[in-house]
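Here is a friendly note to read alongside the model. Keep the viewer open and find each residue as you reach it.

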Amino acid sequence: QVQLVESGGGLVQAGDSLRLSCAASGRTSSSSVMGWFRQAPGKEREFVSRIRWGDGSTSYADSVKGRFTISRDNANNMVYLQMNSLKPEDTAVYYCAAKRSVYSTTYNYWGQGTQVTVSS
């Protein structure tokens, strides 16, 4: 099992920045990819970004490319999401997730989420 705990959410104004953190614990060696997802009120959960523990390769949703940066700290089992130039449409609950296989589309472990609210 892998436990994930997000932190760093809050209320900011449009154009501001926030950094989300995700602390992974437990059998972290069983996870190969870490991802960030978000869910806005009344909408489905959507992919934001992901990073591989091993080679650090990353991927982003088109809506956040150029504004968000995902990074990892392997030594401390931490993953971060630096969010710049925030927009009101970025308002959502942000979830950290982990999956065991780089080839799978299924994320096996999820955190409880952290709220990000961007005011205009």
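Are lysine 65 and aspartate 62 buried or exposed? Both of them are exposed. Please keep in mind throughout that this is a predicted model.

1. **A pair to start with.** Lysine 65 and aspartate 62 form a salt bridge, and their closest N and O atoms are 3.1 Å apart. As a reminder, side chains of opposite charge can pair when their charged atoms come close. The count for the structure comes to 4 salt bridges.

2. **A buried pair.** Now compare arginine 67 and aspartate 90, which are both buried. These two also form a salt bridge, with 2.7 Å between the closest N and O atoms. Arginine 67 sits in the loop between strand E6 (58–60) and E7, while aspartate 90 sits in the loop between E8 and E9, so this pair ties together parts that are 23 residues apart in sequence.

3. Look next at arginine 38 and glutamate 46, whose side chains meet in a salt bridge at 2.6 Å, N to O. Arginine 38 has a relative accessible area of 5% and is therefore buried. Glutamate 46, with a relative accessible area of 35%, is partly exposed. Arg38, Glu46, Arg67 and Asp90 are linked in a network of salt bridges.

4. **A lysine without a partner.** Which buried residue has no salt bridge? Lysine 99 is buried yet lacks one, and the nearest side chain of opposite charge, that of aspartate 55, is 12 Å away. You will find lysine 99 in strand E9 (residues 92–99). Leaving aside neighbours within four places in sequence, lysine 99 is in contact with Ser31, Ser32, Val33, Ser104, Thr105, Thr106, Tyr107 and Asn108.

5. **The disulfide.** The structure holds 1 disulfide. Cysteine 22 and cysteine 96 form this link, with their sulfur atoms 2.0 Å apart. The angle about the S-S bond is -75 degrees, and the link is left-handed. Cysteine 22 belongs to strand E3 (residues 18–26) and cysteine 96 to strand E9, so the pair ties together parts that are 74 residues apart in sequence. Both cysteine 22 and cysteine 96 are buried.

6. In soluble globular proteins, nonpolar side chains tend to be buried together. Here the largest nonpolar core has 29 residues, and those with the most contacts inside it are Leu4, Met34, Trp36, Leu81, Met83 and Tyr94. Among the elements that give two or more residues to this core are strand E1 (2–7), strand E4 (33–39), strand E8 (78–83) and strand E11 (114–119).

7. **A threonine to finish.** What does the side chain of threonine 114 reach? The answer is the backbone nitrogen of glycine 9, at 3.2 Å. Threonine 114 lies in strand E11. Its relative accessibility is 11%, and because buried means under 20%, threonine 114 counts as buried. Apart from residues up to four places away in sequence, threonine 114 touches Glu6, Ser7, Gly8, Gly9, Leu20, Ala92, Val93 and Tyr94.

Definitions and conventions:
Residues are numbered from 1 along each chain as its sequence is written. This is a predicted model: local features need pLDDT of at least 70, side-chain atom pairs count only at pLDDT 80 or more; totals for chains, interfaces and linings use all residues. Side-chain values use heavy atoms; hydrogens and water are left out. Helices (H or I, at least four residues) and strands (E, at least two) are DSSP runs, numbered from the N terminus. Buried means under 20% relative accessible area, exposed over 50%, partly exposed in between (1.4 Å probe, protein chains only). Lys and Arg count as positive and Asp and Glu as negative; His and the chain ends are not counted. Contact means heavy atoms within 4.5 Å. A disulfide is a pair of cysteine sulfur atoms within 2.5 Å. A nonpolar core is a set of buried Ala, Val, Leu, Ile, Met, Phe, Trp, Tyr and Cys residues joined through side-chain atoms within 4.5 Å. A polar contact is a pair of N or O atoms within 3.5 Å; within protein, one must be able to donate a hydrogen and the other to accept it, and residues adjacent in sequence count only if both atoms are side-chain atoms.
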